[in-house]
Amino acid sequence: MRHIISILLENEAGALSRVSGLFSARAYNIESLTVAPTEDASLSRMTIVSVGSDDVIEQITKQLNKLIEVVKVVDLSEAPHVERELMLVKVRATGKDREEMKRVADIFRGRIIDVTESAYVIELTGNNAKLDAFLEAIGSALILETVRTGVCGIGRGDRILKV
């Protein structure tokens, strides 16, 4: 099962390395990883997407809580949450493909953020399924380059990750 683990940790050198090292030392795969400072400059929020059974994720959570830099760990997948990912896609846009790329970007609520004579760069946000569906809709023949940020998530309602 896919889990989104959100971690509040001290914003200091080596913290990211120790968390990712914990995963690799136990042969757990990280599908996506995002990290940025929070509203408190001394803390960072890390969001990790990993696949594993509930028992495996429970073990990961216990191990993460043992790290000195880790302040709090929450599995967002356990309750209602919102998740988004940003994707930038450079696509071939010449001749009749130009209008088609605009149309498909509009359907998926994407924005064309860069235009050249032969290509568009399209910005798209959404969940994994939406981004994958967009790539499938335009077809691999027109895709020149793809960059994805990884999942960013937050709990819904009163569920807050704070100290």
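# Pocket and helix packing in a predicted model

User: Which residues lie nearest the centre of the largest pocket, and how many line it?
Analyst: This is a predicted model. In this model 23 residues line the largest pocket, and L8, T38, R45, I154 and L161 lie nearest its centre.

User: What volume does that pocket have?
Analyst: The volume of the largest pocket is about 400 Å³.

User: Which elements give two or more residues to the lining?
Analyst: Those elements are the strands β2 (32–37), β3 (43–51), β4 (70–75) and β9 (152–155).

User: And how does the lining divide by class?
Analyst: Twelve of the lining residues are nonpolar, five are polar and six are charged.

User: Changing topic. How many helices and strands does the chain have?
Analyst: The protein chain has four helices and nine strands. Along the sequence they follow the pattern β-α-β-β-α-β-β-α-β-β-α-β-β.

User: What box do the C-alpha atoms fill?
Analyst: Taken along the principal axes, the box is roughly 60 × 35 × 35 Å.

User: Now the helices. How is the packing of two helices described?
Analyst: Two packed helices are described by the angle between their axes and the distance between the axes.

User: OK, what are the angle and the distance for α1 and α2?
Analyst: Helix α1 (residues 15–25) and helix α2 (residues 54–66) pack at about 145 degrees, and their axes are 11 Å apart. Their crossing is right-handed.

User: Which residues make that contact?
Analyst: From α1 they are V19, L22 and F23, and from α2 they are I60, Q63 and L64. By class, five residues of this contact are nonpolar, one is polar and none is charged.

User: What about α3 and α4, at what angle do they cross?
Analyst: Helix α3 (residues 96–107) and helix α4 (residues 128–138) cross at roughly 160 degrees, and their axes come within 11 Å. Angles over 145 degrees count as roughly antiparallel, and α3 and α4 are therefore roughly antiparallel to each other.

User: Is that crossing left-handed or right-handed?
Analyst: α3 passes α4 in a right-handed crossing. M101, V104 and A105 of α3 make the contact with F134, A137 and I138 of α4.

User: How do those residues divide by class?
Analyst: In the contact of α3 with α4, six residues are nonpolar, with no polar and no charged ones.

Conventions:
Residues numbered from 1 in each chain as written. Predicted model: local features only at pLDDT ≥ 70, side-chain atom pairs only at ≥ 80, totals over all residues. Heavy atoms only, no water. Axes fitted to C-alpha atoms, helices over the stretch in contact; angles between N-to-C directions. Parallel < 35°, antiparallel > 145°, perpendicular 65-115°, else oblique. Left-handed = near helix turned anticlockwise from the far one by under 90°. Contact = heavy atoms within 4.5 Å. Nonpolar A, V, L, I, M, F, W, Y, C, P; charged D, E, K, R; others polar. 1 Å grid on protein atoms, 1.4 Å probe; cavity = no way out; pocket = protein on both sides within 12 Å on 5 of 7 lines; lining within 4 Å. Points joined across faces, edges and corners; volume = space filled by probe spheres on them.
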